[in-house]
Amino acid sequence: VRVEERSGAVGAEGKGEFTLTFLLDNQMTEEAYTIADYQNVICITGKNFNALMFGMGQLLHKSRYDEKGMYVTAWRGYSAPECPFRFLYYAIHFYNWYQNTTPDALERYCEDLMLWGYNGFCGLFGRISYDGWDDPRMEKAIALQSRLFRIAKSLNMQTAHLLQYID
C-alpha cells in the first residue's frame, strides 16, 4: 500500500511476479544482510529484525516504480553498514513538523527512516521555545519525546537524549 501511495505504482494482490521471503541467520555480522534469488524467490537474509528491515529498504529503494507497477532491482549481494551509529537527530522546538504532525504520520516516518538504514534516534529537547519547566506547553513536548522514543523502541532502534538547558 505504501509503495502505491508514494509512487503511483498499482499492485494487485496475488498477481505479483515475485515472492519475497525473510530468513534469520545469527552467523551474519550485526545489521548486515544479503539479497539473493532462490528458485524464483527473492530472499532477504539478516542476523536480526534490523538487518531484515535494512535489506527490505535496499530492495525498495533500488527498485523502479510507475503506473504499471514495481520493477524489482537486479541488485543482489551482501551489505553491511560502515558505521554502527546511524542516528537521526530531531529537535522538538519552534513548533516544527514533529510537534504538528499526527501520531500515525510520525510512526510511518520512523518506519521509513529505518528502511533508509537509520538505526537510532537522537532527540533534542530544546527549552528555547518554552518559558521554563513550568510552561504549560512543556507537558505536551515531553509527551511527544516519549512517543518518539516508544516508536523507536518498537522498531528495535537505539535512542539518545540531549537536553538543552537555558535559564
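1. Asn-40 counts as exposed because its relative accessibility is 73% (buried means under 20% relative accessible area, exposed over 50%, and partly exposed in between, with a 1.4 Å probe and protein chains only). This residue sits in the loop between S2 and S3. Asn-40 is not a glycine, yet its phi is positive, at about 65°. Helices (H or I, at least four residues) and strands (E, at least two) are DSSP runs, numbered from the N terminus.

2. On the basis of these points: this is a predicted model, in which local features need pLDDT of at least 70 and side-chain atom pairs count only at pLDDT 80 or more, while totals for chains, interfaces and linings use all residues. Residues are numbered from 1 along each chain as its sequence is written, and side-chain values use heavy atoms, with hydrogens and water left out.

3. The sheet is open and made of four strands, in the order S1-S3-S2-S6, with mixed pairing. Strand S1 (19–24) and strand S6 (77–79) are the edge strands, each pairing on one side only. Two strands pair if DSSP finds at least two bridges between them. On average, neighbouring strands of this sheet are turned by 20° against each other, direction ignored.

4. Strand S2 (residues 33–38) and S6 run antiparallel and are joined by three bridges. Within this pair, Thr-34 stands opposite Tyr-78 in S6.

5. Helix H2 (residues 49–62) packs on the sheet, where it touches S1, S2 and strand S3 (41–46). Contact means heavy atoms within 4.5 Å. The direction of H2 makes about 140° with that of S3. Axes are lines fitted to C-alpha atoms, for helices over the stretch in contact, and angles run from 0 to 180 degrees between N-to-C directions.

6. Phe-94 belongs to the loop between strand S7 (87–91) and helix H3 (97–100). With 53% relative accessibility, Phe-94 counts as exposed. Apart from neighbours within four places in sequence, Phe-94 is in contact with Gln-99, Ile-128 and Ser-129.

7. Asn-156 lies in the loop between helix H5 (138–154) and strand S9 (158–164). Phi of Asn-156 is positive, near 65°, in a residue other than glycine. Asn-156 counts as partly exposed, because its relative accessibility is 46%.
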